[in-house]
Every structure is written in structure tokens, then in C-alpha cells.
Amino acid sequence: MRCHAQRGVIGLDEMVEIRRMQGGEANALGDVMWDAIHMGHSAYTAAQRHAWLPVPLQGAKWADKLAGQRVWVAVERDAPVGFLTLADAGYIDLGFVRAAQQGCGVFSALLRALEDDARGAGMWRLWTCAS
């Protein structure tokens, strides 16, 4: 993915699509999460990141967790590069962007899609617990 900066504003090129999660994507989103945690810039040590998520989340339990939430996915060349989830009561649960796409506006685009949907569903308060 290419991104460009102009006067301090980072923009996505037309190759990135924001859409809702499709069936069968849970394992790919587990890979995105692992990549964001382990390959991206972090205030945490490698040991701390390994303790948090030693391997990508995969399988039925992970798929069920995602299926119970609204999930937006950023896709480039038919592959997920980021995702953001919204659980009940306006709780933003998970948000991750692959290291190579960080700083390019992917998370901002995901958040705009989530906010638009939440407003349409009558959710006026969103919240999260983030590190």
C-alpha cells in the first residue's frame, strides 16, 4: 500500500477498501492482529508482546468472538490489512493495522466507518479500554 502525506495530512490511495467482515476471514484478521503487535512500532518489549499474543488467534473460538461483534476490515489487493470491532453498548473492542500500513490513515478510515454505522444504529457514546 502506498500512502502520501501533504501538509501533515496522511491519505490513503484508492487501493484500500473499507468494508464489513466477510465469512471465513477470522484467521486472516488474527494474522493482522499478530503482525500489528509484533512487527509494528511499540512501547512494549518483545517479551511483553510475546506474552500478550504468542501466536496469531485462529479457529472457532476466535471466529465466534468476531461473529459476536460488528467488524470493519481494511482490504488491499483482496487481503485484510486492518480491522476494527464494535461490541455491545458502543464498546470498541479491537483495532489493529498491519505494521506496513501503519501511519497511512487506515485506522482513521476504519474508525470513520465504525462511527457512521454506530450513529445510524443510535449509538451516541463509544468507548474503549486501550493500551
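Modeller: Let's start with a term: a residue is buried under 20% relative accessible area, exposed over 50%, and partly exposed in between, using a 1.4 Å probe on protein chains only. Take R70, whose relative accessible area is 27%, so R70 is partly exposed. This is a predicted model, in which local features need pLDDT of at least 70 and side-chain atom pairs count only at pLDDT 80 or more, while totals for chains, interfaces and linings use all residues. Residues are numbered from 1 along each chain as its sequence is written, and side-chain values use heavy atoms, leaving out hydrogens and water.

Biologist: What pLDDT does the protein chain average?

Modeller: pLDDT is the predictor's confidence in each residue, from 0 to 100. Here the protein chain averages 91, and 89% of the residues score at least 70. Over residues 4-10, however, the pLDDT is below 50, although this stretch has nine contacts (heavy atoms within 4.5 Å) in the model beyond near neighbours in sequence. Where pLDDT is low, the predicted coordinates should not be read in detail.

Biologist: Now the rings, please. How many aromatic pairs are there?

Modeller: Rings of Phe, Tyr and Trp (its six-membered ring) pair if their centres lie within 6.5 Å; planes under 30 degrees apart are stacked, over 60 edge-to-face, and the rest tilted. By that rule, the model has four aromatic pairs. One of them joins F83 and F96: the ring centres are 5.9 Å apart and the planes stand at 40°, so this pair is tilted. F83 belongs to strand β5 (residues 79-86) and F96 to strand β6 (residues 92-97), so the pair ties together parts 13 residues apart in sequence. Strands (E, at least two residues) and helices (H or I, at least four) are DSSP runs, numbered from the N terminus.

Biologist: Are F83 and F96 buried or exposed?

Modeller: F83 has 0% relative accessibility and counts as buried. F96, at 11%, counts as buried too. A second case is Y91 with W127: their ring centres are 4.5 Å apart and their planes at 50°, so that pair is also tilted. Y91 sits in the loop between β5 and β6, and W127 in the segment after α4 (106-120); these are distant parts of the chain, 36 residues apart. Y91 is buried at 19%, whereas W127 is partly exposed at 34%.

Biologist: Which residues do ring pairs link into a cluster?

Modeller: The cluster holds W52, W62, F83 and F96. Look next at M33, in helix α1 (residues 26-39). M33 is buried, with a relative accessibility of 6%. Beyond its neighbours within four places in sequence, M33 contacts L53, L57, W62, F83, L94 and F96. Its C-alpha also lies 7.2 Å from that of R98, although M33 and R98 are 65 residues apart in sequence.

Biologist: And charges? How many salt bridges does a search of the whole structure find?

Modeller: A salt bridge is a side-chain nitrogen of Lys or Arg within 4 Å of a carboxyl oxygen of Asp or Glu. The search finds seven. Among them is R19 with E25, whose closest N and O atoms are 2.5 Å apart. R19 is buried at 15%, and E25 is buried at 10%. Another joins D117 and R70, at 3.4 Å from N to O. D117 is partly exposed, at 27%.

Biologist: What about E76 and R77?

Modeller: Their side chains also meet in a salt bridge, 3.4 Å from N to O. E76 counts as buried at 5%, while R77 is exposed at 61%. Through shared partners, salt bridges join R20, R70 and D117 into one network.

Biologist: Which residues in α4 are buried?

Modeller: V106, A109, L110, L114 and A118. For length, a helix is expected to span 1.5 Å times one less than its number of residues. The 15 residues of α4 should span 21 Å, which agrees with the 22 Å between its end C-alpha atoms. After α4 comes G122, with a positive phi near 80°.
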